[in-house]
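Okay, thanks for coming, everyone.

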Amino acid sequence: MSTISGSRTLHRLIYASRNTIPAIDLNEEIGAIIRASIRRNREVAIGGLLLVHQGHFLQVLEGPAEAVLTTYGRICDDPRHTDTKVLGAGPAAKRAFAEWNMCARRITPADDAILDTLSMRTAFEPNRLTAGSALRLLQAVRGIQDRTQLSAMR
Ligand code: FAD
């Protein structure tokens, strides 16, 4: 992890992990995680996106360095996932994710182009991504989500 030059420095952390939530509890637990995340992340000005797909989590957190690292420490202690791996962490020039967001649990067939791009259509293994690829994937997912929300409003 790179040096933190101050607690208010904008920091971005991307990690991948394996979901340990029993399938039967998945919807309920993901809902609980999102509710807790929205509440707590807002309090400390953290934005980002959590992708839940094929038994894996991929999340980006952006905000003041101290808040991001404290939040990530709490997330790592959570027994609802395991094998957390930081793909990238360090100062960021500006936010790529202004708000807390959450992707749909499943990537739909319309989103296959994203997985194709990353050559992961058959097996989604976010822990093998570079920080740059992970960020591009999360931004693409956010873009799809934004477009979906816009078309739902029409
Ligand atoms: P408490 O609710 O008091 O939790 C105490 C402990 O129990 C914590 O270790 C907590 O992880 C664990 N816990 C809570 N609920 C359950 C449960 N249903 N089953 C098993 N253990 C449980 N939090 C954020 O603030 N921001 C995020 O961006 C964020 N992203 C997350 C992403 C993932 C993939 C996961 C799994 C969790 C995420 N969380 C996030 C939740 C985070 O791990 C904490 O549960 C949450 O922040 C509340 O922590 P707490 O100690 O205040 O809560």
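Let's begin in the loop between strand 2 and strand 3, where Gln54 has its place. Keep in mind that this is a predicted model. Gln54 has a phi near 45°, a positive value in a residue that isn't glycine. Most residues other than glycine have a negative phi.

Asp83 lies in strand 4, which covers residues 81–91. With 47% relative accessibility, Asp83 counts as partly exposed, because the cut-offs for that class are 20% and 50%.

Okay, stepping back to the whole fold. You've got four helices and five strands, and from the N terminus they go β-α-β-β-α-β-β-α-α. The protein has 154 residues, and 45% of them count as buried.

On to the inside. In soluble globular proteins, nonpolar side chains tend to be buried together. Here the largest nonpolar core has 20 residues, and Ile14, Leu51, Leu58, Leu137 and Leu138 are the ones with the most contacts inside it. Who supplies this core? At least two residues each come from strand 1 (10–19), strand 2 (47–53), strand 3 (56–64), helix 3 (112–117) and helix 4 (131–153). Helix 4 is the top contributor, with six residues. Then there's a second, separate core of 17 residues, and Tyr15, Ile33, Leu61 and Trp100 are among them.

The ligand sits in the largest pocket. Around the ligand you'll find 17 residues, the closest being Glu29, Arg40, Asn41, Arg74 and Asp78. Which elements build that shell? Helix 1 (26–43), strand 3 and helix 2 (65–76) each put in at least two residues, and helix 1 gives the most, with five.

On the nitrogen side, a ligand nitrogen is 3.0 Å from an N or O atom in the Glu29 side chain. For the Ser37 side chain, the distance from an N or O atom to a ligand nitrogen is 3.4 Å.

Methods:
Residues are numbered from 1 along each chain as its sequence is written. This is a predicted model: local features need pLDDT of at least 70, side-chain atom pairs count only at pLDDT 80 or more; totals for chains, interfaces and linings use all residues. Side-chain values use heavy atoms; hydrogens and water are left out. A nonpolar core is a set of buried Ala, Val, Leu, Ile, Met, Phe, Trp, Tyr and Cys residues joined through side-chain atoms within 4.5 Å. Buried means under 20% relative accessible area, exposed over 50%, partly exposed in between (1.4 Å probe, protein chains only). A residue is near a molecule or strand if one of its heavy atoms lies within 4 Å of it. A polar contact is a pair of N or O atoms within 3.5 Å; within protein, one must be able to donate a hydrogen and the other to accept it, and residues adjacent in sequence count only if both atoms are side-chain atoms. On a 1 Å grid over the protein atoms alone, a cavity is a set of points where a 1.4 Å probe fits but cannot get out, and a pocket is an open set with protein on both sides within 12 Å along at least five of seven lines; lining residues have an atom within 4 Å of a point. A molecule sits in a cavity or pocket if more than half of its atoms lie within 2 Å of its grid points.
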